[in-house]
Amino acid sequence: MLYSEKVMDHFRNPRNVGEIENPDGVGEVGNAKCGDIMRITLKVEDGVIADAKFTTFGCGSAIATSSIATEMIMGKPVEEALELSNRAVVEALDGLPTHKIHCSVLAEEAVKAAVKDYYDKNNITYDPKIFCGLECGSCHHHGE
Ligand SMILES: [Zn+2]
């Protein structure tokens, strides 16, 4: 079996699909490798992610990872959402085929981009290094 049951479940019945109206943070990222585009919108209340929705144009793995990523960050403080790693997402899905790992990286990056947008909109100061990999091309970790 190439994909775990959890991957298939989140692919067939993705959670939190859509777009939040007047979101507090928006993150949109893409990867050139299989053309996935992921957009995450966040609602933040008192520093906690009250709602998260996504739209993903991409492969099944990208859809499954964005679905589970929104579930994993919901109800968490923003700083904790930033700690969401693609490894944690892959583990939550009971694994992904190696050549699909880059799709889970997209979920991590979309969440980070949305949080960055929230920080920027609210003039919250942060260490730019925490978003390294998002904007700094030299350590872009999409595997070639
Ligand atoms: Zn993909």
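This section describes the sheet, the helix packing and the nonpolar core of a predicted model.

Three strands, in the order β1-β2-β3, form an open sheet with antiparallel pairing. Strands β1 and β3 (48–57) stand at the edges; each has a single partner strand, so one side of each is left without a neighbour in the sheet. From one strand to the next, the twist averages 15°. Strand β1 (residues 25–30) is joined by six bridges to β2 (residues 37–45), and β2 is joined to β3 by nine. Both pairs run antiparallel.

Helix α5 (residues 101–121) lies across β1 and β2, and its direction is at about 145° to β1. Helix α2 lies across β2 and β3, running at about 175° to β3.

Helix α2 (residues 60–73) also packs against helix α1 (residues 5–12), at an angle of about 90° and with the axes 8 Å apart. The two helices are therefore roughly perpendicular to each other. On the α1 side, the contact is made by Val7, His10 and Phe11; on the α2 side, Gly60, Ile63, Ala64, Ser67, Ile68 and Glu71 take part. Classified by residue type, this contact has five nonpolar, three polar and one charged residues.

In soluble globular proteins, nonpolar side chains tend to be buried together. The largest nonpolar core of the model has 35 residues, of which Leu42, Ile73 and Val115 touch the most other members. At least two residues of this core are supplied by each of β2, β3, α2, α3 (78–82), α4 (86–92) and α5. The largest share, ten residues, comes from α5. When residues up to four places away in sequence are not counted, Val115 touches Leu42, Val78, Leu82 and Phe131.

Terms used:
Residues are numbered from 1 along each chain as its sequence is written. This is a predicted model: local features need pLDDT of at least 70, side-chain atom pairs count only at pLDDT 80 or more; totals for chains, interfaces and linings use all residues. Side-chain values use heavy atoms; hydrogens and water are left out. Two strands pair if DSSP finds at least two bridges between them. Helices (H or I, at least four residues) and strands (E, at least two) are DSSP runs, numbered from the N terminus. Axes are lines fitted to C-alpha atoms, for helices over the stretch in contact, and angles run from 0 to 180 degrees between N-to-C directions. Angles under 35 degrees count as roughly parallel, over 145 as roughly antiparallel, 65 to 115 as roughly perpendicular and the rest as oblique. Contact means heavy atoms within 4.5 Å. Ala, Val, Leu, Ile, Met, Phe, Trp, Tyr, Cys and Pro count as nonpolar, Asp, Glu, Lys and Arg as charged, and the others, Gly among them, as polar. A nonpolar core is a set of buried Ala, Val, Leu, Ile, Met, Phe, Trp, Tyr and Cys residues joined through side-chain atoms within 4.5 Å. Buried means under 20% relative accessible area, exposed over 50%, partly exposed in between (1.4 Å probe, protein chains only).
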